[in-house]
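Subject: Structure handover

Hello,

Here is the structure for your files. My notes on what turned up follow below it.

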Amino acid sequence: FRKLVEGSLGAGPGSRPPLALLQLLHAFGRRIVHGRGCSASGRKAHQRFVEACGRGDARAFAVGAVPKVLRLFSQLIEERAERGGQVEDDTRLSQTQDDPWSRDVSFPLEQQCNAQSPS
């Protein structure tokens with residue numbers, strides 16, 4: 001993780017953030033919402049993840065998006081701990097709905113998310 005962030009910080013202007021860094025963050029988020037990815041809160045968390053990733057080059061991603069995503073994950077963990085680890089009732093919907101956290105992730109992330117959003 002550290003090497004990926006450092007690589008982003010040292011990247012030239014206009015370069016894309018490393019896909020490996022985005023994939024690592026996405027996989028971490030998937031583990032945090034495990035069992036509730038299709039729930040309303042899981043979908044909202046995914047949307048917040050996409051928004052936090054924002055736009056910009058590799059350096060902007062490392063400086064802006066990575067801290068936002070880590071704060072989001074911290075909030076999700078704290079919210080679950082406050083509920084005593086309980087998963088909310090809307091997880092029963094996950095049997096028939098597509099989990100946005102289970103998809104492969106790539107750039108541009110916002111286009112990918114918009115194309116896969118439920119109508």
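**Aromatic cluster**

Phe-28, Phe-49, Phe-73 and Trp-101 make up one aromatic cluster. Before the details, two notes on the basis. The model is predicted, so local features need pLDDT of at least 70 and side-chain atom pairs count only at pLDDT 80 or more, while totals for chains, interfaces and linings use all residues. Numbering runs from 1 along each chain as its sequence is written, and side-chain values use heavy atoms, with hydrogens and water left out.

The structure holds three aromatic pairs. A pair means rings of Phe, Tyr or Trp (its six-membered ring) with centres within 6.5 Å; planes under 30 degrees apart are stacked, over 60 edge-to-face, and the rest tilted. Phe-49 and Phe-73 are stacked, at 6.1 Å centre to centre and 5° between the planes. Phe-49 sits in helix 3 (residues 40-53) and Phe-73 in helix 4 (residues 58-82), so this pair ties together parts 24 residues apart in sequence. Helices are DSSP runs (H or I, at least four residues), numbered from the N terminus.

Phe-49 also pairs with Trp-101: the ring centres are 5.5 Å apart and the planes at 50°, so this pair is tilted. It links distant parts of the chain, with Phe-49 in helix 3 and Trp-101 in the loop between helix 4 and helix 5 (109-116), 52 residues apart.

How buried are these rings? Phe-49 has 0% relative accessibility and counts as buried. Phe-73 is buried too, at 1%. Both Phe-49 and Trp-101 are buried. The cut-offs are under 20% relative accessible area for buried, over 50% for exposed, and partly exposed in between (1.4 Å probe, protein chains only).

**Nonpolar core**

The largest nonpolar core has 21 residues. Such a core is a set of buried Ala, Val, Leu, Ile, Met, Phe, Trp, Tyr and Cys residues joined through side-chain atoms within 4.5 Å. Leu-25, Phe-49, Phe-61, Val-69, Phe-73 and Leu-76 touch the most other members. Helix 2, helix 3 and helix 4 each supply at least two residues of this core. Helix 4 gives the most, with eight residues.

Val-69 touches Leu-25, Phe-49, Ala-52 and Cys-53, leaving out residues up to four places away in sequence. Contact here means heavy atoms within 4.5 Å.

**Surface and helix 1**

Phe-1, Leu-24 and Leu-70 form a nonpolar surface patch, with about 260 Å² of accessible area together. Patch members have over 30% relative accessible area and no salt bridge; nonpolar side chains (Val, Leu, Ile, Met, Phe, Trp, Tyr) are joined within 5 Å, like charges within 9 Å. Areas come from the Shrake-Rupley method with a 1.4 Å probe; for residues, only the protein chains shown count as cover. Phe-1 lies in the segment before helix 1. Its relative accessible area is 44%, so Phe-1 is partly exposed.

Which residues form a salt bridge? Arg-2 forms one with Glu-6, their closest N and O atoms being 2.9 Å apart. The rule asks for a side-chain nitrogen of Lys or Arg within 4 Å of a carboxyl oxygen of Asp or Glu. By this rule the count is one. Both residues lie in helix 1, four residues apart, about one turn of the helix. Arg-2 is exposed at 63% relative accessible area, whereas Glu-6 is partly exposed at 41%.

Best regards
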